[in-house]
Amino acid sequence: MGDNMVNKRYEEIVAKNKPKEDKFKYALTAFFVGGLLGVLGETLIRVYIYFFNISRNDASTYMIITFIFFASLFTALGFFDKLVAKAKAGLLIPITGFAHSMTSAALDYKHEGPIYGIGSNVFKLAGSVIFYGVVSAWFFGLIRYLWEVLICS
Amino acid sequence: MYFLNSFLFCGLICLIAELILDNTKLTPGHITSLFVVIGAALDSFGIYDYFISKVGGGALLPITSFGHSLIHGALLAAESHGFIGLLMGMFDLTATGITAAIIFTFVFTLIFKAKD
């Protein structure tokens with residue numbers, strides 16, 4: 001009987017101290033962080049067009065590279081993980097998440113050497129994005145191509 | 001309008017991802033892969049191009065734009081080279097992003113160590 005009581009009390013304490021998953025707050029944070037990154041991206045494009053006198057397409061590429069550079073640098077410096085833990089999808093879904101996954105995988109496996117450590121683990125997480133991106137893009141491209149060749153012409 | 005649309009579009013995609021992340025057992029890896037496929041599917045009928053023309057920078061940042069660039073490059077090459085172009089042009093537009101990520105990762109991995 002005593003054991004039962006202890007177990008029940010234990011479960012109550014666990015339930016009380018379990019961190020509440022505040023889904024609403026997480027969703028709102030992701031929305032704002034993602035939105036702010038979007039605004040920052042658009043701002044960077046405008047700034048590059050204004051200062052370097054380049055086309056919008058080129059400026060977009062520069063903007064993407066800027067984001068990749070800072071995501072990679074902040075990951076290497078060690079504080080990007082803390083930001084990701086707070087903002088979650090807000091930082092993982094933009095291109096920053098792609099750069100972050102590559103740099104963090106490379107750093108994590110650095111101790112296993114340059115070939116079997118860094119080289120083969122760099123795409124450990126980003127690899128699935130590239131793999132399924134190429135597979136789906138090829139099949140959808142094929143459908144679109146056949147559509148144009150067979151039906152539209 | 002570009003700024004407001006960028007905020008809403010990029011925010012909304014992150015919001016959807018966060019909702020999937022919190023309410024299902026899918027990991028960020030599943031979601032990014034899924035979103036790339038969605039981006040490629042949306043572009044196969046020109047829908048994502050419409051988003052980019054209306055939204056600007058905010059539509060280029062999420063990982064969906066990666067799938068869009070993949071299929072866009074493939075279709076552009078297919079226009080001039082025919083069927084084989086689907087293979088030739090696949091990485092035409094995304095090459096800068098992937099190459100930049102590889103180079104930066106290499107340099108920073110040489111300089112820094114994993115913090116624990």
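Domain bounds here come from an automatic or database domain assignment. On that basis chain A of this predicted model is divided into domain 1, covering 24–122, and domain 2, covering 126–153. The C-alpha centres of domain 1 of chain A and domain 2 of chain A are 27 Å apart.

Confidence comes next. The predictor assigns the complex an ipTM of 0.93 and a pTM of 0.88. For chain B the mean pLDDT is 92, with 99% of its residues at 70 or more. Within chain B, H4(B) has the lowest confidence, a mean of 92, while H7(B) has the highest, at 95.

Inside chain A, one helix pair to look at is H3(A) and H6(A). Two packed helices are described by the angle between their axes and the distance between the axes. Helix H3 of chain A spans residues 56–77, and its axis comes within 8 Å of the axis of H6(A), crossing at roughly 35 degrees. The crossing of H3(A) and H6(A) is right-handed. On the H3(A) side the contact is made by Ile64(A), Phe67(A), Ile68(A), Ala71(A), Ser72(A), Thr75(A) and Ala76(A), and on the H6(A) side by Ile95(A), Thr96(A), Ala99(A), His100(A), Thr103(A), Ser104(A) and Leu107(A). By class, the residues of this contact between H3(A) and H6(A) are 8 nonpolar, 6 polar and no charged.

H6(A) also meets a helix of the other chain. The axes of H6(A), residues 95–108, and of helix H7 of chain B, residues 95–111, come within 9 Å and cross at roughly 35 degrees. H6(A) passes H7(B) in a right-handed crossing. From H6(A), the residues taking part are Ile95(A), Phe98(A), Ala99(A), Met102(A), Thr103(A), Ala106(A) and Leu107(A); they meet Gly97(B), Ala101(B), Phe104(B), Thr105(B), Phe108(B) and Thr109(B) of H7(B). The contact of H6(A) with H7(B) comprises 9 nonpolar, 4 polar and no charged residues.

In chain B, 56 residues are in contact with 62 residues of chain A. At least two residues of the side of chain B that touches chain A come from each of these helices of chain B: H1 (2–23), H2 (28–43), H4 (57–60), H5 (64–81) and H7. H1(B) gives the largest share of that side, 16 residues. Sorted by class, the side of chain B that touches chain A holds 38 nonpolar, 14 polar and 4 charged residues.

Definitions and conventions. Residues numbered from 1 in each chain as written. Chains lettered and ligands numbered in written order. Predicted model: local features only at pLDDT ≥ 70, side-chain atom pairs only at ≥ 80, totals over all residues. Axes fitted to C-alpha atoms, helices over the stretch in contact; angles between N-to-C directions. Helix = DSSP H or I, 4+ residues; strand = E, 2+ residues; numbered from the N terminus. Left-handed = near helix turned anticlockwise from the far one by under 90°. Contact = placed C-beta atoms within 7 Å. Nonpolar A, V, L, I, M, F, W, Y, C, P; charged D, E, K, R; others polar. pLDDT = per-residue confidence, 0-100.
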